[in-house]
Amino acid sequence: MWGFKQISLGIAAVIIIISTVVAAINFRAGGDKSMEAPKKAPVQAPEDASGTKPADPPQDKAAVRIDLSKLGDPLENKFTDLNQWDLQMDWADSAKGRPSDYIRTHYPFVKRVQFMTATGGTDNIDLFEDPADRENLTDYNFSRLTDALQHVIDQGLKPYIVTGNVPLKYSSVPHIGSFGVNVRPPQDYDVYYRYMKAMADEIVSRFGLNEVRTWTWRVLTEYENGDWFNNLSPESSMEAYFKLYDYTVAALEASIGAENLYIGAHSMTNGEGLWDERSFIDHVASGTNYYTGKKGTQLDFLSFSYYDNFPGMLSGNSLEQNMRLLRDRAEANGLSDLKYGVEEGRILAGSDRKELFPRTVASSFQSSSDAKLFKHMHDIDLDYFSTWYLNTERIWGESAGVDPVGTHLANLVYRMEGASRAAVQVSGSTVNTSNEVDGIGGYQASSNTAQFLIYNYNLDQKADVSEPVTIILDNVEAVSGDKVAVKQWIIDDEHGNFWPAWQAYLEEQGATSNQFGNWSVDSWTAGSNLTDEKLRQYWYDHVKEYQGLAKLEPDETTAVIKDNQLRFTPTLAPHAVMYYEITGVRPSAKQSISEVSDRP
């Protein structure tokens, strides 16, 4: 919904009002003041399950049962996309000479890189020899874009090109909106069509059709958001976008071929726009195409933005409600095979109500939130959710980058891709009734591996109650012998997390939001948002220590299956996430005595 320039006045006003009401609440994560590396919590050996009937878990604590006898659809990598505000920030000169396996090695969950405003909107991104020369409308120079695309491909990733913001010299009276780009439509849509086709032709010529046909395209960011595209009135803005979309699709089809094109549109949806975003769905399904004069226009996916206001203050509409708003209209129009995703989102502002850079926090709250999000996306069949950055140096952090807990979580759940989802049942009660203990599990038949993710989530970032949990892997047997291998990863304040130590230092120094410039004190891309030279110097002087605190490694042990079950009894710290891999197992032919039904 909102980029990195500013929060809209409307949202800012809401946040100020909310801040006044809850001024006494402090959402900042606390932490141990020591930089000492945390002690590892070893994997607990499974409980002795001797006897003819496995004991039921106690009802005074939460129990999570993963049933390998009930397997369903494959689990998916939901965090595939990396969103790039300006390709020149990280994918131009700074991407040159990087090891070709850097992303695959450090962030294998990333599969696509989205280039927002890739084809125009300001004089430094318009793809011309001279963006200011309005007498020459065909002095194309696409090298800035194609060079960046080459760097994406060099990393083994797929480009996602966002078109739509019109070059300045193509609008009769260009106007720079609050996101720093031209929000006006082209004066002559045929001129714009030729620009789009020439760009696509250049890309096909350089990279080949077999490569380009695997890419993703989109027309505009938040098409009904007046801060991105505005033709002075709601009605004329809507019509101008329909026309812009139709001409763009026609140009790309002419170059790439409709059968090779994968294209969609991104609405705001999470807030009130200039016009009803669902009208666009009606147009592409049954309206008159402005370019061809025929019925309908190609559409392969729909996406939207989804931001909570700040940690603990959720959006007015749920993620599912926003998705359903689009999906229901699409299906009513006969568009039943579209993909759905979130192009940008998570959290707008920090505990100080200033904008987060990027749109997440680095406390354990984020990892438990994203664990819950991963499960929820599978429950509602949402295809992907983009992220802004990967480490404290944004992307290229070989020497000085520190991975936050959200990146750790995305890396862990990526390991579950392709696993058949197992039925999960949660029973018992939590110590803190506002804690949510839940999880998701699966089974990889190709490697005889059971995988499951358990989390302790709370809406309050300062929640401080741990939860003892009984985890039961049910209806399981060893492939051979009587022992199986167990790996356990933990993300919490003491595992894989640099943030508590960094926060402790800031508190000792009496650091304030003013030392972070326009950004929230909860922002974690230190190289981009620290304006105080003393804090910056301390950060880089101690970055190796923070990298050590953020390092995420599994504990390993072996276990013996008894009565077709494995049991673990860990304690989940506040906002903790635990991820397990049990190898050398398979669903048992003989089911355990204590059976469970599928969770609704």
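Residues are numbered from 1 along each chain as its sequence is written, and side-chain values use heavy atoms, with hydrogens and water left out. Since the model is a predicted one, local features need pLDDT of at least 70 and side-chain atom pairs count only at pLDDT 80 or more, while totals for chains, interfaces and linings use all residues.

The protein chain holds 15 helices and 20 strands, where helices (H or I, at least four residues) and strands (E, at least two) are DSSP runs numbered from the N terminus. Of its 600 residues, 59% count as buried, a term that stands for under 20% relative accessible area, with exposed meaning over 50% and partly exposed in between (1.4 Å probe, protein chains only). Among contacts in the protein chain with a separation of 6 or more, 81% are accounted for by residues 24 or more positions apart, contact meaning heavy atoms within 4.5 Å.

Two packed helices are described by the angle between their axes and the distance between the axes. For helix H7 (residues 234-256) and helix H8 (residues 278-286), the axes come within 11 Å and cross at roughly 45°; axes here are lines fitted to C-alpha atoms, for helices over the stretch in contact, and angles run from 0 to 180 degrees between N-to-C directions. H7 and H8 are therefore oblique to each other, given that angles under 35 degrees count as roughly parallel, over 145 as roughly antiparallel, 65 to 115 as roughly perpendicular and the rest as oblique. The crossing of H7 past H8 is right-handed, a crossing being left-handed if the near helix is turned anticlockwise from the far one by less than a right angle, and right-handed if clockwise. On the H7 side the residues that meet H8 are Met 238, Tyr 241, Phe 242, Tyr 245 and Asp 246, and their counterparts in H8 are Ser 279, Phe 280, His 283 and Val 284. By class, this contact of H7 with H8 has six nonpolar, two polar and one charged residues, where Ala, Val, Leu, Ile, Met, Phe, Trp, Tyr, Cys and Pro count as nonpolar, Asp, Glu, Lys and Arg as charged, and the others, Gly among them, as polar. The buried residues of H8 are Phe 280, Ile 281, His 283, Val 284 and Ala 285, and these pack against H7, strand E6 (263-267), strand E7 (301-308) and helix H9 (319-332).

In a second pair, the axes of H10 and helix H11 (residues 405-414) come within 8 Å and cross at roughly 30°, and H10 passes H11 in a right-handed crossing. Here Ser 364, Gln 366, Ser 367, Asp 370, Ala 371 and Phe 374 in H10 meet Val 405, Gly 406, Leu 409 and Val 413 in H11. The residues of this contact of H10 with H11 divide into five nonpolar, four polar and one charged.

The loop between strand E8 (339-347) and helix H10 (364-380) contains Arg 359, and Pro 358 and Thr 360 are also placed in the loop between E8 and H10. Most residues other than glycine have a negative phi, and most peptide bonds are trans. Phe 357 and Pro 358, however, are joined by a cis peptide bond, with omega about -10°. Arg 359 is buried, with a relative accessible area of 0%, and its side chain makes a polar contact of 2.7 Å with the side chain of Glu 355; a polar contact is a pair of N or O atoms within 3.5 Å, of which, within protein, one must be able to donate a hydrogen and the other to accept it, and residues adjacent in sequence count only if both atoms are side-chain atoms. Although Arg 359 and Tyr 307 are 52 residues apart in sequence, they are 8.5 Å apart in space, C-alpha to C-alpha. Thr 360 is buried as well, with a relative accessible area of 10%, and a polar contact of 2.8 Å joins the side chains of Thr 360 and Trp 524.

Positive phi values are found in Leu 220, near 75°, and in Arg 394, near 80°. Leu 220 lies in the loop between strand E5 (216-219) and H7 and counts as buried at 0% relative accessibility, whereas Arg 394 lies in the loop between strand E9 (384-385) and H11 and is buried with a relative accessible area of 18%.
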